[in-house]
Amino acid sequence: MLTVCHLYPDLLNLYGDRGNVAVFLRRCQWRGIPVRLLEVRFGESVDFTKVDFLFLGGGSDREQQLVVTDLLPRLANLRQAIEEGLVVLAICGGYQLLGHYYQTVEGRKLPGLGILDLYTEAGEDRLIGDVAVKVQVGGRSQILCGFENHSGRTFLGQVSPLGRVLRGFGNNGRDGTEGARYKNVFGTYLHGPLLPKNPAFADYLINLALARRGLEIMLPPLPDVLEKKAREVILRRLRLRGS
Amino acid sequence: MQVRMLSALWAGKITVKLARLAGGKGSSFPGKVALYLFPQALEAWAQKLNSRIIVVTGTNGKTTTNNMLASIFSSLGYRVLTNREGANLASGLASAFIRSASWKGNLSCDWALLEVDEAAFSKVTAHLKPAVVVVTNFFRDQLDRYGELDRTVSLVKEALSQLPPTKLVLNADDPLVVKLADTSHPVLFYGIGVPVRAGKEEESCREARFCPYCGRELQYQYYHYSQLGAYYCPGCGFARPPTQVEALAVRILDGHVSCQVRVGDQVVDCELPTLGFYNVYNALAVFGVGMWLGLSPEVIARELGRYVPATGRLQRFVHRGRPVYLNLVKNPAGFNETLRLLSMSSETKDVFIALNDNEADGRDVSWIWDVDLENLLPRSTVLSFVCSGRRAADMAVRLRYAGVPLGKIEVLPRLEDGVRTTLGGRGKSVYFLATYSALWPVEKLLRRYGKEERDADRLPSLS
Ligand SMILES: [Zn+2]
C-alpha cells in the first residue's frame, strides 16, 4: 500500500496542482497497486516517514508563509523521511519554500525550510509561457514539458538542477537550469500540471516510491495515446518534435 | 479638446468601416485607434452622458447581467449603448462609444450599459464616473494574465474608493465581493436567501475559504456554488450581510427557473427562461440596479421572463429534432455549474468540449484540473465526449483521469470536425461547451447545421 500525501490542498493549489496527485493515484490504481490519499491541512498532524509520495503545490507569498510556520516544528521528521528516500514533488511556491528564503520585491526575506540549497528573489516581471526541459532520470533522458508562471528567480547552491532548459525560462531565465533535485526530492516551476503531461516522469516517481519500499518492479505500460497527443501539441509548438 | 476628440472619433469610425470590409466585428480595434489619438476619449464621452452609466464587473455573469439590463432599458423606451461582450477593456468601451456617436460627436443614447473586465476595472472606471456599479462575484479566471485573485479584488476596491459618489449593487453571497462595501459608497446587497440544492460542495474551487478580515476559516450554513452561500466568521463576526434584494424561493424546473424575489418590501414572482441556476444571481443584480433607479419590480420581472440568452449563454438550437445547447466555459466555477446542469436530466447526451488557449482564453489551460469532473460528471448518461480546439488533447487527458473510459473520448482539434461528429451522436440531447475564442466559431457551425430556437414564449405566461 502506497500512501500519497497532498500537503495543504486548501492553501497550496494554484494552477490545477491537484492534477499531479490525481495522475499519481490513477496510474497506480490502473496497475493494481494499492494506494491511498492523505490530505493534510493546516495544523493537522502527519508522520512523513509513513508517506510514500509527498506533494506540495503553489500558493501566494502569504500562503507560503503560513505553510512554513506550520511545517517548521516538524522539520526533523520531514528531514528524516527525505534522507530515507521519501519521494517529494514540489511545484512553484512549494518548490520555493523548500529553499533557504524568498526575498520579496520590497527586500524582505521570508524564511523557507532550508531542505534544498537554493534561494529565490522576486523579480519585476513574471516569467510566463510554455516550457520544455531536458532531464536525466533513471539513466535515461526525457523531455519534460509544461507551463511556467512565476515572478520568483531561483538560484541554486550545492544542489543539482532537475534539468536544462530547452525552451522557456526555468529557474531564473539566466543560467539555463530548471528545478532542483536532492535524493528523491524534486522541485520545479513546471505546472500544466506536470504529471498529466509527462506520464513517463510520473511512472519514474512511482517506481522510486516502490523501490523505497523494497519493490523493484517493472511497471506495465499504459495506453498513453492522449497524453502523447497533448505533449506533441506543446513540443511541436516549441519546435521540439518527437519524444 | 473638441477637435482632438472629433479626429479620434473619425479615425475610429473609419477603422470600424475598414474592419467591416475586412470581415471582422471591429469590437476593440477602432477604440484602440481612438484612444491612441486621444487618450481622454472615454472621459469626454462619459461626460456627455452626465453619468448615466452603469458598469457591471466581476468574474462570471457580466454579459448576461448587462444584456438583461439592456433589454429592460430598451423596453422602457431608453436608447442604450452597450459594449459587445468580451470587448470589455478600455478599447472595447471606446469602440462602443464610437459606434453610438454621430460624426459630429453626439451620442445617440440615454444610458451606457457597460460590462468591464474585473482586472481592467481600476483603469477605466475613473474615466467613466458611473452612476451604478454592479459586482457579481470573484472567481479564479485566466490566472496567467491577471496574477492572483486577492490582487484583483483589492484593485477593484481601491478604484471604487477613488470614485465620486457611486451606488453599488453587490452580491451578498460572495465574501470577496462583500469586502467592497468598506468603501464609503451607498450599497445595496442581493443574494439567494434559501438553500436551493443539497449536496457536497466541491472544495477545490472555493476561492475564499478564509475570513478577509481576521483569517479564520469561514463557516457556512449552506452553499449555492463555489464560495457563494450563507457564510459567517467564528472569529470576528464577519458574515453575509442583510440583503435588500433577495430570492426567497427558487425552483429549478424543466427548461426554466422559477423564483420569488423580495425587492425592498415588495415581493414579485419571476420566471427565467434558462436552465442555469446561476442566472438567478444575474436577475437579482438587475433588480438591484432597478431599485437604485426606481424601476418597477413588476416590469423587470416581466421583461426577464422574455429574456433571450446571449451567444453561448445556454443558447438553444435544434438539430434533427434534438435540443442542442451551447455554453461558454471559462473558469472552474462556471464549468462546475455547467456539469451540474448536465446531471439534472437523466436523458442520454453527447458532449462536446472545445478548449482553446488563445490570449482571450488564457494561455494556461491547467485550470481544467480544478474543475470537479470527478464528482460532477454524469458519466452514465453521457454517450460520448468529443474534445476539440487547440488543446483538445489536454481536455481528453483530463477526462481520462476523471475516470471516463478511453472508448468514449474522441480528439478532433478542428472545430468543424468536432461539431459534425458530435451532432452525429445518438444522445437525446447535445451539449456544446467552449472556451471564449472557440465560442463564436462553434456558434456559427451550429447555425449552419441546426436552427437557433429563440422561442421564449413557449413558457407558461405569468400575467
Ligand atoms: Zn473574521
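Me: How much area do chain B and chain A bury between them?

Reply: About 2,800 Å², with 54% of it on carbon and sulfur atoms. Buried area is the accessible area (1.4 Å probe) that two parts lose on being put together, summed over both. This is a predicted model: local features need pLDDT of at least 70, side-chain atom pairs count only at pLDDT 80 or more, and totals for chains, interfaces and linings use all residues. Residues are numbered from 1 along each chain as its sequence is written, chains are lettered from A and ligands numbered from 1 in the order written, and side-chain values use heavy atoms, leaving out hydrogens and water.

Me: Which three residues supply 25% of the area that chain B buries against chain A?

Reply: B:Trp369, B:Arg400 and B:Tyr401, more than any other three residues. In all, 32 residues of chain B are in contact with 34 residues of chain A. Contact means heavy atoms within 4.5 Å.

Me: What makes A:Arg18 and B:Glu374 a salt bridge?

Reply: The rule asks for a side-chain nitrogen of Lys or Arg within 4 Å of a carboxyl oxygen of Asp or Glu. Here N to O is 3.9 Å, so the pair passes. The count between chain B and chain A is six.

Me: Which residues are the protein donors of the zinc ion?

Reply: B:Cys211, B:Cys214, B:Cys233 and B:Cys236, each through SG, at 2.2 to 2.4 Å. B:Cys214 sits in the loop between β6 (187-192) and β7 (219-225) of chain B, and B:Cys233 in the loop between β8 (228-232) and β9 (245-252), 19 residues apart. Helices (H or I, at least four residues) and strands (E, at least two) are DSSP runs, numbered from the N terminus.

Me: Is B:Cys233 buried or exposed?

Reply: Buried means under 20% relative accessible area, exposed over 50%, and partly exposed in between (1.4 Å probe, protein chains only). B:Cys233 has 4%, so it is buried. B:Cys214 has 38%, so it is partly exposed.

Me: Where is B:Pro241 found?

Reply: In the loop between β8 and β9 of chain B. At 12% relative accessibility, B:Pro241 counts as buried. B:Pro241 touches B:Ala172, B:Val178, B:Phe189 and B:Tyr231, leaving aside residues up to four places away in sequence.

Me: What do the side chains of A:Arg213 and A:Asp52 meet in?

Reply: A salt bridge, at 2.5 Å from N to O. A:Arg213 lies in the loop between α6 (199-212) and α7 (225-237) of chain A and A:Asp52 in the loop between β2 (35-40) and β3 (53-56), so the pair ties together parts 161 residues apart in sequence. A:Asp52 has 2% relative accessibility and is buried, while A:Arg213 has 39% and is partly exposed.

Me: Why are B:Glu416 and B:Arg420 separated by about one helical turn?

Reply: Because they stand four residues apart in helix α15 (residues 415-423) of chain B. B:Arg420 is exposed at 51%, and B:Glu416 is partly exposed at 22%.

Key
Donors are N, O and S atoms within 2.8 Å of the metal (3.2 Å for Na, K and Ca); water is not among the atoms, so sites may look incomplete.
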